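Here is a guided look at one protein model, written for someone who likes to know the cut-offs behind each value. Please keep the viewer open as you read.

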Amino acid sequence: MRIRDLRVHSIAMADPPLRSSYGLHQPYALRNVIEIQSEDGIIGISETYGGDEPAKALEAIREKLIGACPYRLTGDLAKMVEGDASGLDRSQTHNVPGENPLDADARTYSAIETACLDLIGKSVGLPVCDLIGGRIRDKVPFSAYPFYKHTGGGGEDEDIRKDEYGEALSPEGIVSQVQKMRDKYNFNSIKFKGGVLEPSLEIETIRQLRRSLGRSVPLRIDPNCAWSVETSVLVGEDLAEELSEGGYLEDPCVGLDGMSEVRRRLLSKGIETPLASNVAVTSFGDIPEAVRLDAVQVVLCDHHYWGGMRQVQQLARVCKTFGIGLSMHSNSHLGVSLMAMAHVASATPHLTYACDTHYPWQSEVDEIVDGGRVPIVDGCVSVTEKPGLGVVLDYDQLERGKERFNKCSYRKRDDEAEMRKHIDPNWTRRLPRW
Ligand code: GKR
Ligand code: MG
């Protein structure tokens, strides 16, 4: 089988005004959707980071892809996945996710790998999870992902969307947001995005979540490096009970040295809350130091920037070897990405936490998967026997996504600029803020 065509579609989807230490989400989140077509007309698809740069990077390898064999991708594009373990700083701490130039190749490769696996799966009649080693779970658990949020449902002008969840700028607001999300999807664990309000209010938010949900629902908090080491230790102490039993403290502060210090100080007080990261460890090159410093006890994988699904499986093996847990990171996405995340999670034995997903923040109006939104039932996405990723594109919806992209002014994610536009004209991302 040979690849005959590559098509890259830049799309935009409405996104509500969610807050994080990066700033404020724009009214549209951007994605690139890839189609790889074989000589015999079978189409493999994938979804990746949006905007102009990722699209250009994909176009740049067109020549290498056309005529190549999708089964031999790693061989043909080996350099893109080798990464650089030579000590270069690969931390994403100061980059908006998806914008780190150092993992640009890994992101491009991942998008191509996923589409090739979908293509192979569709040509041989097997689901992707069963091509990459075989499923060990049919249902993949995901977490609710509450954010502090301003009023609004995203979109612009005549495309302004309904505000499904309303404003949430207080502990009570987050509790009611989580209740709504749980009513709809029945999530069994919570990943809460912090780094926005005073730490004391975020501590109170977690406490109220615990009171409303009980001990059986694990809680995690991720302030995206907004805290100093000192503040991270204080929060870790205050939330020692709430973040135990399946919870974790994710990227409380900047970098491996800081995380290591937080860990050491918490352990000295008998607090074993694991520290998780999706910014201090983003490549295999980061792992030796993370292990040496005992800085990270849970890595959040993400096939979109770790260089694909098989890299994630290898990461899982490495994590298991070092006694590190594995969870999964997410960025705003649609159903093609959700299914790719579910497939790799399904075939990764050492996945020790429910995965993150932004999916509840997007709506039916923007979904590009034929048949509409991928169901999340009892907090889980099912991986069926359908070939490939188990989904195909709805081309009318894809067209609408492209029209939205062409109409809007956004070409890359810039939460800082959005924050200055709507909330505070002088706002910049400061790490640490508290
Ligand atoms: O969507 O604002 C967001 C998140 O903060 C996202 O950008 C992060 O990459 O969810 C992510 C995380 O876990 O750090
Ligand atoms: Mg994170």
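## Ground rules

This is a predicted model, in which local features need pLDDT of at least 70 and side-chain atom pairs count only at pLDDT 80 or more, while totals for chains, interfaces and linings use all residues. Residues are numbered from 1 along each chain as its sequence is written, chains are lettered from A and ligands numbered from 1 in the order in which they are written, and side-chain values use heavy atoms, with hydrogens and water left out.

## The three-stranded sheet

Three strands make an open sheet in the order β1-β4-β5, and their pairing is antiparallel. Helices (H or I, at least four residues) and strands (E, at least two) are DSSP runs, numbered from the N terminus, and two strands pair if DSSP finds at least two bridges between them. Because β1 (3-14) and β5 are the edge strands, each with a single partner, one side of each has no neighbour in the sheet. From one strand to the next, the twist averages 20°; axes here are lines fitted to C-alpha atoms, for helices over the stretch in contact, and angles run from 0 to 180 degrees between N-to-C directions.

Seven bridges hold the antiparallel pairing of β4 and β5, and Gln37 stands opposite Ile43 in β5. Helix α5 packs on this sheet, touching β1, β4 and β5, with its direction at about 155° to that of β5. Contact means heavy atoms within 4.5 Å. Helix α15 (residues 395-407) also packs on the sheet and touches β1, β4 and β5, its direction making about 60° with that of β1.

## The six-stranded sheet

A parallel open sheet is formed by six strands in the order β7-β8-β9-β10-β11-β12. At its edges are β7 (190-193) and β12 (325-328), each pairing on one side only, and the twist averages 25° from one strand to the next.

Within this sheet, β9 and β10 run parallel and are joined by two bridges, with Leu249 opposite Leu275 in β10. Helix α10 packs on the sheet and touches β9 and β10; its direction makes about 165° with that of β10. Arg265 belongs to helix α10. Leaving out residues up to four places away in sequence, Arg265 touches Val229, Glu230 and Val233.

## The magnesium site

Which residues hold the magnesium ion (ligand 2) as protein donors? They are Asp222 (OD), Glu250 (OE) and Asn278 (OD1), at 1.9 to 2.1 Å from the ion. Donors are N, O and S atoms within 2.8 Å of the metal (3.2 Å for Na, K and Ca), and sites may look incomplete, as water is not among the atoms.

The spacing of these donor residues in sequence is D-x27-E-x27-N. Glu250 in strand β9 (residues 248-250) and Asn278 in the loop between β10 (275-277) and α11 (287-292) are 28 residues apart, a pair that links distant parts of the chain.

## Pocket and cavities

On a 1 Å grid over the protein atoms alone, a cavity is a set of points where a 1.4 Å probe fits but cannot get out, and a pocket is an open set with protein on both sides within 12 Å along at least five of seven lines; lining residues have an atom within 4 Å of a point. Grid points are joined across faces, edges and corners, and a volume is the space filled by probe spheres set on the points. The largest pocket has a volume of about 590 Å³. Its lining has 36 residues, with Tyr49, Gly50, Pro54, Gly98 and Glu99 nearest the centre. Two or more lining residues come from each of β4 (28-38), β5 (43-49), α1 (52-60) and α5 (104-124), and α1 gives the most, with seven.

The whole structure holds two cavities of 30 Å³ or more. The largest cavity has a volume of about 110 Å³ and is lined by 15 residues, of which Tyr22, Tyr145, Lys193, Asn224 and Asn331 lie nearest its centre.

## Backbone details

The peptide bond from Leu431 to Pro432 is cis, with omega near -5°, and Pro432 sits in the segment after α16 (415-422). Asp251, in the loop between β9 and α10 (255-268), has a positive phi near 35° although this residue is not glycine.
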